[in-house]
Amino acid sequence: MAEEGICSRRAERHNTTRFVKGTNVKKPSNFEGTGLIAIFKHPLSIFMICVPFGIWSYYARWNSAYTFWLNFFAMLPMAKILGDITEELAAGLRNDLLAGLINATFGNAVEMVITVQTLRGGLYAVVKATLLGSALSNVLLVLGMSFLFGGLVNVSGKAEAKAKEEQRRPSVRNSQKMEDPELLDKLDKEETGGYSVVAEKVQTFKILGAMVNTSMLLLSCLSFTLVTVFGTMMAGQYKMDNASLEEVMLPISRTCSIIIISAYVAYIVFQLFTHRTVMADTGDGDDDEEEGSITVTTAAVLLFVMTSIVAFCSDLLVDSIENMTADAHMGEHFIGIILLPIVGNACEHAAAVRFAMQDKPGLSIGIAVGSSTQIALFVVPFSVLVGWCIDRPMDLNFGALNVTVMTLSVIVVLSMVVDGQSNWLQGYLLCAAYAVIAVLFWYVPNSTGDETI
C-alpha cells in the first residue's frame with residue numbers, strides 16, 4: 001500500500017497541465033508525441049526554410065518585398081514553436097499556479113518582440129495597428145470561424161475512442177444490429193474521418209469566463225477611447241501643436257498604462273487565486289492531463305534561442321515595411337491590422353476552430369477572447385512603458401477610427417456570448433464584420449509623421 005501511494009504521488013508530480021493562451025483554461029497539447037521532434041514535427045515547420053533566405057535577402061540587398069515576405073513566412077512556424085515551448089516550460093514546472101502565470105505573461109511573446117522592434121524603428125502607427133489587429137483578429141476572425149465551423153461540423157472524439165470503436169466495429173457489423181440504418185450511418189461517418197455536417201446545432205459554453213474577458217476588453221476600450229478623445233479635444237479645441245500635445249499625452253498615457261496593467265494583475269489574481277475553479281471550468285468535460293515532453297532546462301534554452309531568432313527576423317521585417325509599402329502599394333495600416341497578426345495567431349486560429357468542431361466552444365472562446373484580453377490589457381500598456389524606457393514617444397492615442405472599430409467590435413462580441421450559446425450564423429456575422437474592417441483599412445492611406453487615424 002505504501003509503495004502504491006508513492007507511485008501515485010510520483011504520477012501526480014509528473015502529470016502536467018497546459019493552458020489556453022492568456023487564461024488558466026486547461027487545454028490539450030498543440031502537438032502529438034514527446035521530445036523536440038514532436039515540437040518541430042508540424043506542417044508549418046516547412047516554412048523554417050524561409051529563415052536563412054530572409055536573412056540572406058536583407059544582407060544581399062534584395063527587393064524589400066522579398067525580405068518582408070520571407071521573414072513574414074519565417075515567423076509563422078517560429079510563433080508556433082515559441083508558443084509550444086512556453087507551454088512545455090510551464091508544464092514542466094509541475095505547478096499549475098506557476099504555469100498559469102508564465103502563460104499569462106509570455107503567451108504573446110511574438111507580439112511583444114515585434115512591438116519592441118517596431119518601436120525601435122519609430123513606426124508608431126504600425127505598432128498601434130499591429131496591436132489593434134491582433135485583438136480584432138482574435139475576437140472577430142478566430143471566434144467567428146470557431147462559431148461558424150463549430151455550428152456546422154461535428155468531429156469524432158479522441159484517438160483512443162476511435163481505436164476502441166475500430167475494435168468493436170467488426171462485431172457490430174456482423175451482429176443483428178446491422179439492420180439498423182442509423183447505426184450504419186454513424187459507423188460510416190466515423191470511417192470517413194469523423195467529419196459530418198449537421199443542422200439545428202447550437203453549442204453551449206460557460207458564461208462567466210467569456211463575460212469576464214469581454215468586460216476586461218471593454219475596460220481597455222474605455223481607456224483607449226478616453227485618451228484618444230482627450231488628445232483630439234486638446235488639439236482641436238485648445239489648438240495645441242504636436243510638441244505641446246506630446247508633453248501632455250505622454251504622461252497621461254504612461255500613467256493610464258500603469259493603471260491598465262494593474263487591472264490585468266487583478267484579472268490574473270481573479271482567475272488564478274480567488275475564482276480559479278470557476279474560471280477553469282469550461283463545461284467541456286475534458287480534464288485529462290498530459291506529461292511534459294521536454295525538460296525545464298531544455299525548454300528554457302530553446303525559449304531563449306527561438307526568442308533571439310524571432311527578435312532578429314522581426315527586426316529585418318520591420319526594416320523592410322517602409323519600402324515594401326511604397327513598392328507594393330499596400331498601406332501600413334493594412335499590414336499592421338491584417339497581415340502581421342497572422343504571424344502570431346495562425347496556429348491558434350486552427351486550434352480554436354479544431355476545438356469548436358470537437359464541441360469544445362469553451363476552449364475556442366478562451367483562445368480567442370482570452371488572447372485579445374492579454375493583448376489589450378498587457379501588451380498595449382507594455383508597449384507604452386517600453387517606449388518610455390527606450391525614449392520613444394509611444395502613447396495610447398490610437399486615433400478615432402481605430403478606437404471606434406475596436407469598441408464596436410467588442411460590443412458585437414459581447415452580444416454574441418452573453419447568452420452562453422453559439423451557432424454558425426453568429427460565426428458568419430463575425431467573419432463578415434472582420435471582412436468589412438479589412439476592406440476599410442485597405443483604403444486607409446499611410447500616416448505622415450505621428451498622425452493616427
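Mentor: In the protein chain, 84% of the contacts with a separation of 6 or more join residues 24 or more positions apart. Keep in mind that this is a predicted model, where local features need pLDDT of at least 70, side-chain atom pairs count only at pLDDT 80 or more, and totals for chains, interfaces and linings use all residues. Residues are numbered from 1 along each chain as its sequence is written, and side-chain values use heavy atoms, with hydrogens and water left out.

Trainee: Why is the pair Phe-68 and Phe-72 called stacked?
Mentor: Rings pair if their centres lie within 6.5 Å, and planes under 30 degrees apart count as stacked, over 60 as edge-to-face, the rest as tilted. Phe-68 and Phe-72 have 6.1 Å centre to centre and 20 degrees between the planes, hence stacked.

Trainee: How do you know that Phe-68 counts as buried?
Mentor: Buried means under 20% relative accessible area (over 50% is exposed, in between partly exposed; 1.4 Å probe, protein chains only). Phe-68 has 0% relative accessibility, so Phe-68 counts as buried. Phe-72, at 4%, counts as buried too.

Trainee: And why is the pair Tyr-264 and Tyr-267 tilted?
Mentor: Their ring centres are 5.9 Å apart and their planes at 40 degrees, so the pair is tilted.

Notes: Contact = heavy atoms within 4.5 Å. Phe/Tyr/Trp six-rings, centres within 6.5 Å; stacked < 30°, edge-to-face > 60°.
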